[in-house]
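Hello,

Here is the structure for your files. My notes on the charged side chains and the overall build follow below it.

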Amino acid sequence: MADVKLEAREKSQKALTMTIAAADLQKAYGEKLAKYAREMTFKGFRKGKAPIDFVTRQIGDYVREEVVYDTIDSTFNAEVEKLAMEDRPLPYAKASIEGEDKLKDYKLGEDLTVTIAYDVFPAVELGQYKGLELEVLDGQVTDADIDAEVESLREQNANIMNKEGEAKLGDIATVDYAELDEAGVAIEATKRNDFTFTLGSSYNQYKIDDEVVGMKVGDQKTVDKSYGEDFSDESLRGRSVKLSITLTKLKERVLPEVDDDFAQDVKEEYKTVADLREGIRKNLTESLENMQKDEKLDLVFSALRKSSKYTIPQSMRDFSIRTETRNQLRQMGYDAQTVDRMMEENDNTVLYFQTLIAQRVDTNLADQVIMHAIQQSGAITLGEGELDKAVEEQLKGEMSDEEKKAATENIKMDLEFAKVPDFLLENNSFKPTGDKLDYRAYSKAYYDRLYSADKDEETSASEE
């Protein structure tokens with residue numbers, strides 16, 4: 001048995017100092033040496049017949065080093081099992097022996113004192129998480145929102161038909177175009193035939209939407225275009241060009257009439273236009289309520305991140321980035337073996353996702369540790385019979401009393417953790433402020449506010 005001292009350190013680290021008795025190391029050394037003497041073959045001796053003194057001279061230093069590390073490892077693991085959960089190392093964090101280079105100087109017959117530092121789950125000094133008064137946006141679903149959604153459905157169900165007459169914004173045009181030189185001859189490298197785009201979308205290199213409007217199929221025109229120094233296409237910045245444009249095809253979107261047949265085409269359960277509009281209102285209302293709930297939680301957690309004290313250890317941050325990157329790659333269709341190779345080689349795709357994920361991982365982890373701290377505070381209560389029902393559903397097969405007790409405690413913690421968001425909504429007040437916005441205006445304002453808040457927190461974090 002070792003003498004042990006646990007020390008709390010900054011940045012969510014703890015250190016376990018252990019003094020291992022000389023007698024324990026000597027015993028382990030003797031047993032390991034005897035084992036090798038039995039199992040190894042040395043030159044000049046049959047297997048297991050070399051004298052122990054000879055074996056000691058041959059591999060004694062190696063065995064001593066192996067015994068020291070094995071004993072430190074086994075003693076550390078045994079002592080960790082005795083610690084409270086908040087004092088144990090994070091499972092993915094690598095513990096480090098302080099002053100490890102001095103171990104090579106250890107001599108048998110002496111007590112060995114080592115200190116092992118490791119990351120732990122962050123302790124949190126919670127700020128105020130009940131009784132906050134926060135201002136939120138005000139929103140509602142209006143008839144105009146429903147009208148806009150109906151128009152979007154009409155666009156999605158539009159028929160594309162050939163059009164006669166002049167091209168108008170919104171039509172689908174197919175053109176041949178090319179730049180002309182000073183002699184009016186097409187420059188071969190700039191020729192483009194059968195290029196199709198929607199007029200008004202500006203999804204074309206030369207931005208010729210307005211020039212095509214008014215043309216008929218078969219028309220050809222020459223136009224002069226000038227581009228500013230800030231134009232999106234670098235090859236055209238600061239240039240003036242002469243273009244030849246020929247309209248070869250023209251199509252239009254014919255939108256369906258809003259009638260009962262249209263409603264049924266959108267969804268079989270809709271029998272009338274009234275059913276369609278009521279279904280849209282229901283969906284938008286549900287979406288709005290979800291956004292409003294998320295907005296309230298965003299505000300509460302933002303306040304808590306500012307008022308609470310905690311430190312996210314680097315090992316937790318690194319693990320989260322690696323895990324999320326791996327999940328993103330798997331969702332893109334890469335198999336597990338390919339993902340492992342890409343991660344090992346720091347593939348450019350891996351680095352790209354890691355950069356994106358790193359921008360939000362600190363906020364996500366902060367919210368997780370804050371929720372954990374609220375759950376651990378005892379503030380969350382379960383409903384009558386809720387735990388028993390979950391245990392009955394989740395625990396299957398034979399289990400010892402000790403195993404069942406541990407599993408039940410984990411289920412209880414999971415249930416409480418899941419209730420934290422609703423607890424925060426119930427125990428804080430939210431005052432609608434400003435004009436009552438329609439659904440579309442609310443959505444834009446909500447995401448603008450969310451993006452602005454994220455940028456502010458990133459700036460604050462970088463300044464710290």
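**Salt bridges and overall build**

Lysine 35 counts as partly exposed, at 33% relative accessibility (buried is under 20% relative accessible area, exposed over 50%, partly exposed in between; 1.4 Å probe, protein chains only). This is a predicted model, in which local features need pLDDT of at least 70 and side-chain atom pairs count only at pLDDT 80 or more, while totals for chains, interfaces and linings use all residues. Residues are numbered from 1 along each chain as its sequence is written, and side-chain values use heavy atoms, with hydrogens and water left out.

Lysine 35 forms a salt bridge with glutamate 39, with the closest N and O atoms 3.1 Å apart (a salt bridge is a side-chain nitrogen of Lys or Arg within 4 Å of a carboxyl oxygen of Asp or Glu). The two residues are four apart in helix α1 (residues 22-39), so about one helical turn separates them (helices are DSSP runs of H or I, at least four residues, and strands are runs of E, at least two, numbered from the N terminus). Glutamate 39 is partly exposed too, at 43%.

Another salt bridge joins glutamate 324 and arginine 360 at 3.3 Å, N to O. That pair links distant parts of the chain, helix α7 (residues 314-331) and helix α9 (residues 348-376), 36 residues apart. Arginine 360 has a relative accessible area of 36% and is partly exposed.

Glu7, Arg9 and Glu98 are linked in a salt-bridge network. The whole structure has 28 salt bridges.

Overall, the protein has 12 helices and 11 strands, and 35% of its 464 residues count as buried.

Regards
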